[in-house]
Amino acid sequence: MMKKSFIVLFVFAILANANGFNPQMQQYINQLKTQAQKSKSNFVDFSAKRGEQIFVSEHIGKRGKNISCSSCHSTNLRQIGKNVHTGKSIKPLSPLANAKRLSRVKDVKKWLRRNFNDVYKRQGTAIEKGDVLYYINSK
Amino acid sequence: MKYIYLVVIFISGILLASDVKPINNQLALKECGSCHFAYQPGLLPKRSWKKIISNLGNHFGTDASLDKKDEQMLLSYFIKNSSDNSNQYLSRVITRYTRADKTPMRITTGVVFRRAHDELRRSTFLRKSVGNPGNCIACHRTAKRGLYNEDYVRIPR
């Protein structure tokens, strides 16, 4: 009986981890949450659904043309994307298809800074960043 | 017998010599290569790299900004290996044919690039399998090794 419940717990732990972030990333998510709470008092948690809207919606980007995150990353994050400007292929964004994704905070911050600028011509808010990270992590 | 060995070494040396020094820097490979073919520093003079790398926040219309430390490391690598600091064949040609009063921002608009590709139509560069003239590796399959010799070219359909 004891053994069985351990196995069940173990399986749950693996499943929970599969959809979670590594410790370094979780710390960054927590920082974003603190910022989010400061800017919005009724903030509860980030939302993958809001993140999807941020990801797929088109905006006049840095180059003055309509662009979205999915212009390069496509809407299937487990597939290879393509940089619309250079034609170079982009490895999948989903951590399930590419274990390197959402693993290093330095890289995550770098790409959020660059890509919000390219698509939205501004920096993302803490809530927007968290929403997008939840979305990517859920795919 | 000894003589034959020397000849073999000499000939393979010629065959394997690169036109520009291949990139041997992980930061450069990662940061440049995540969006486009990682052009070797020996393809432009150092004044060009200074201008390009100091303006990564607006890199041909895209935000390619790095943190200050990485930017400095990238810049010093590119300066150290720029065409005017290199003795390799193609680097020397590029240095010689780039006007001293000009700071080219693109490899593909330089005299050397244009002369070397003057038999090609623009439509060839724009076909789907190539994309644009800056996609060296589409035709120069040995480009990563710094080999741009015509013998290694295969233009995709």
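Which side chains meet in a salt bridge at 2.8 Å, N to O?

1. B:Glu31 and A:Lys110 do, through their side chains. A salt bridge here is a side-chain nitrogen of Lys or Arg within 4 Å of a carboxyl oxygen of Asp or Glu. The rule finds 5 of them across the interface of chain A and chain B.

2. A note on the basis. This is a predicted model, in which local features need pLDDT of at least 70, side-chain atom pairs count only at pLDDT 80 or more, and totals for chains, interfaces and linings use all residues. Residues are numbered from 1 along each chain as its sequence is written, chains are lettered from A in the order in which they are written, and side-chain values use heavy atoms, with hydrogens and water left out.

3. Chain A brings 15 residues to the contact and chain B brings 19 (contact: heavy atoms within 4.5 Å). About 1400 Å² is buried between the two chains, and carbon and sulfur atoms give 34% of that area. Buried area is the accessible area (1.4 Å probe) that two parts lose on being put together, summed over both.

4. Now the backbone. A:Leu102 is not a glycine, yet has a positive phi of about 50 degrees. A:Leu102 counts as buried, at 13% relative accessibility. B:Phe60, also not a glycine, has a positive phi of about 55 degrees. B:Phe60 is partly exposed, with a relative accessible area of 34%. Buried means under 20% relative accessible area, exposed over 50%, and partly exposed in between (1.4 Å probe, protein chains only).
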